[in-house]
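Here's a quick walk through one model, with a metal site, a helix and a couple of loops to look at.

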Amino acid sequence: MIGRLNHIAIAVPDLDAATALYRDTLGADVSAPQDLPEHGVTVVFITLDNTKVELLHPLGADSPIAGFLSKNADGGMHHICYEVDDILAASAKLTASGARVLGNGSPKIGAHGKPILFLHPKDFNGVLVELEQV
Ligand code: CO
């Protein structure tokens with residue numbers, strides 16, 4: 001059901017420092033920061049040959065990653081995103097298998113303008129999983 005690894009997201013306490021680390025130390029192709037107010041994050045996209053990395057930094061008072069950073073002061077891996085062909089079919093199959101879809105269970109439009117949903121980390125070995133329809 002799942003296809004390619006679309007991206008790995010890393011929550012970072014200092015977006016400028018993390019961007020410089022990936023650009024200058026690791027020599028990666030990094031984007032300018034983009035504010036995504038509807039998701040409560042500022043994102044820097046790092047494009048690799050085979051996938052992407054997204055640096056996430058809280059934006060606004062109700063950011064979904066503020067709590068994560070308060071527990072992980074140095075930052076940390078926040079989620080991984082797998083591609084699916086049909087997000088509604090994937091959601092139905094996962095729900096039928098007992099996995100929990102976060103939120104109201106309906107896909108939202110994600111940072112790349114495509115439908116996404118998140119799966120409960122307790123159902124996936126402690127990893128928050130995002131599915132993106134491509
Ligand atoms: Co993501």
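## The cobalt site

Three residues hold the cobalt ion: His7 (NE2), His79 (NE2) and Glu130 (OE) coordinate the ion at 2.0 to 2.1 Å. Donors here are N, O and S atoms within 2.8 Å of the metal (3.2 Å for Na, K and Ca), and since water is not among the atoms, sites may look incomplete. Along the chain, the donors are spaced H-x71-H-x50-E. His7 sits in strand β1 (residues 5–11) and His79 in strand β6 (residues 76–84), so this pair ties together parts that are 72 residues apart in sequence. Helices (H or I, at least four residues) and strands (E, at least two) are DSSP runs, numbered from the N terminus.

Are these two histidines buried or exposed? His7 is buried, at 1% relative accessibility, and His79 is buried too, with a relative accessible area of 5%. Buried means under 20% relative accessible area, exposed over 50%, and partly exposed in between (1.4 Å probe, protein chains only).

## About the model

This is a predicted model: local features need pLDDT of at least 70 and side-chain atom pairs count only at pLDDT 80 or more, while totals for chains, interfaces and linings use all residues. Residues are numbered from 1 along each chain as its sequence is written, and side-chain values use heavy atoms, with hydrogens and water left out.

## Helix α1

Helix α1 covers residues 15–25, and Leu15, Ala18, Thr19 and Tyr22 in this helix are buried. Looking down the axis of α1, the buried residues fall within an arc of 100 degrees, so they line one face of the helix; the arc is that of the directions from the helix axis to the C-beta atoms. They pack against β1, β2 (29–30), β4 (41–47) and β5, where contact means heavy atoms within 4.5 Å. On the face turned away from the buried side are the exposed residues Asp16, Asp24 and Thr25.

At the N-terminal end, Asp14 caps α1, with a side-chain oxygen 3.2 Å from the backbone nitrogen of Asp16. Just after α1, Gly27 has a positive phi of about 70 degrees.

## Two loop residues

Ser63, in the loop between β5 (52–58) and α2 (66–71), is buried, with a relative accessible area of 8%. Its side chain reaches the backbone oxygen of Gly40 at 2.7 Å. That's a polar contact: a pair of N or O atoms within 3.5 Å; within protein, one must be able to donate a hydrogen and the other to accept it, and residues adjacent in sequence count only if both atoms are side-chain atoms.

Asp86 lies in the loop between β6 and α3 (87–96) and is partly exposed, at 41% relative accessible area. The Asp86 side chain reaches the backbone nitrogen of Ala89 at 3.0 Å.
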